[in-house]
Amino acid sequence: NTHSGKRARALEWRACPADVMVSIAMGEGDERSALLPETTGESARASAHQGAVGVGNGFNSWASGKRVAMIAVGAVLGVCGLVGGYMHSTMPGVAPKEGDPDFRTLPPVDFDDKTLLIVVGLPFSGTSALEGLLGTSGVIADLCKADTWQCENTQLLQNLGFKNPNADCDCCEDEYTSVSDVTAAEYAYAYRDFANKWWDMSKPVLMDKTPNMLCRHRFVRDAAAALGVPVKFVVLTHHPFSWNSESHPFNEDYYAENLAYTLDILADSSVDSLQVRYEDMAWNMDEVIKSIKALVPAVKNLNPWHSSLSDDSKGDRGMGVSEYFQHEPLEWIAKDLEPATYAMLCKLGYNEDGECAASAGASESPSGFVETDE
């Protein structure tokens with residue numbers, strides 16, 4: 001980590017019956033936590049929105065020459081409070097790490113009336129196609145100005161010292177990678193940095209499409225709360241029977257591991273999320289567009305025959321989704337899968353080929369999806 005300033009306070013996560021209790025050790029004088037929500041220059045309205053998904057409110061006041069965070073915990077009522085009025089987690093290991101950066105050291109950013117839109121999914125599952133579709137709205141800013149691979153944040157986080165440049169997997173635990181390798185404070189710092197350098201801040205929606213955030217959504221959620229900006233997740237799912245890429249062939253073990261993270265996001269009531277099925281982008285685009293507009297009201301129009309990545313990507317990644325499927329009709333090819341994989345697909349709403357029954361070890365005849373040139 002290239003930022004190693006003194007910690008304003010240490011957080012300790014403890015389980016409690018209703019939720020998660022956080023204990024706090026305050027810093028001296030005018031020190032404030034790198035993750036305490038802004039009181040000026042950030043959106044109070046966004047903070048209130050985050051409160052609707054489990055994020056409380058905090059405030060500062062002078063007392064005896066020291067700045068003290070006043071936090072309503074409600075312990076007598078048996079309610080689990082959250083430190084600084086924003087952090088909320090039921091996942092072990094979400095606590096910040098020593099030396100976390102303070103985004104307040106960066107130039108101020110006005111996040112009023114902004115929405116952070118996070119696009120995630122399995123790598124090579126079609127997230128770039130979805131990003132290109134979203135960008136045609138004209139109201140969504142992406143990170144393409146940074147000139148990173150597929151406009152993703154990985155290189156930018158590496159440049160900031162938050163991710164190991166030797167990491168070669170997305171959601172795994174090894175010598176170079178961990179699902180907790182980028183903390184909430186680091187995401188908050190990064191997003192303020194992106195706002196200063198890369199996002200078009202004249203647009204109301206700020207998009208970050210990076211598949212490996214599939215297993216890191218709680219860190220992103222807490223970072224957004226600290227910045228005072230509402231965050232929404234678009235989660236792309238891709239059925240194994242339509243995963244027929246030769247360059248990135250289907251691997252059930254890898255797929256199942258990541259599908260579990262997909263279920264985790266969509267089941268997390270503390271965040272706003274939308275599932276988009278890859279197959280619907282080929283066969284039911286009108287419904288995809290309708291659901292995106294419902295999630296992000298600022299989006300009024302989407303053009304599936306164009307891609308906002310046409311100037312930033314090569315080959316089919318810069319092609320409109322509908323144009324791509326016109327040239328390459330989506331194939332639906334049955335595969336032998338483990339019952340556990342079928343069970344997760346069933347929970348995601350896939351049952352066209354008897355996934356729910358197959359998850360219990362039963363078998364059903366295929367649904368009759370017919371590949372056509374239409």
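User: Are Trp243 and Tyr255 buried or exposed?
Analyst: The model is predicted. Buried means under 20% relative accessible area. Trp243 and Tyr255 both count as buried.

User: What is the geometry of the aromatic pair that Trp243 and Tyr255 form?
Analyst: The ring centres lie 6.1 Å apart. The angle between the planes is 90°. Planes over 60 degrees apart count as edge-to-face. The pair of Trp243 and Tyr255 is therefore edge-to-face.

User: How many residues apart in sequence are the parts that this pair ties together?
Analyst: Trp243 lies in the loop between S8 and H6. Tyr255 lies in helix H6, so the pair ties together parts separated in sequence by 12 residues.

User: Which residues are linked with Tyr187 into a cluster by ring pairs?
Analyst: Ring pairs link Tyr187 into a cluster with Tyr191, Phe194 and Trp199.

User: Over the ring of which residue does the charged end of Lys335 sit?
Analyst: The distance from the charged end of Lys335 to the ring centre is 6.0 Å. The ring belongs to Phe250.

Terms used:
Residues numbered from 1 in each chain as written. Predicted model: local features only at pLDDT ≥ 70, side-chain atom pairs only at ≥ 80, totals over all residues. Heavy atoms only, no water. Phe/Tyr/Trp six-rings, centres within 6.5 Å; stacked < 30°, edge-to-face > 60°. Helix = DSSP H or I, 4+ residues; strand = E, 2+ residues; numbered from the N terminus. Buried < 20%, exposed > 50% of the residue type's maximum accessible area, 1.4 Å probe, protein only. Lys NZ or Arg CZ within 6 Å of the ring centre and 35° of its normal.
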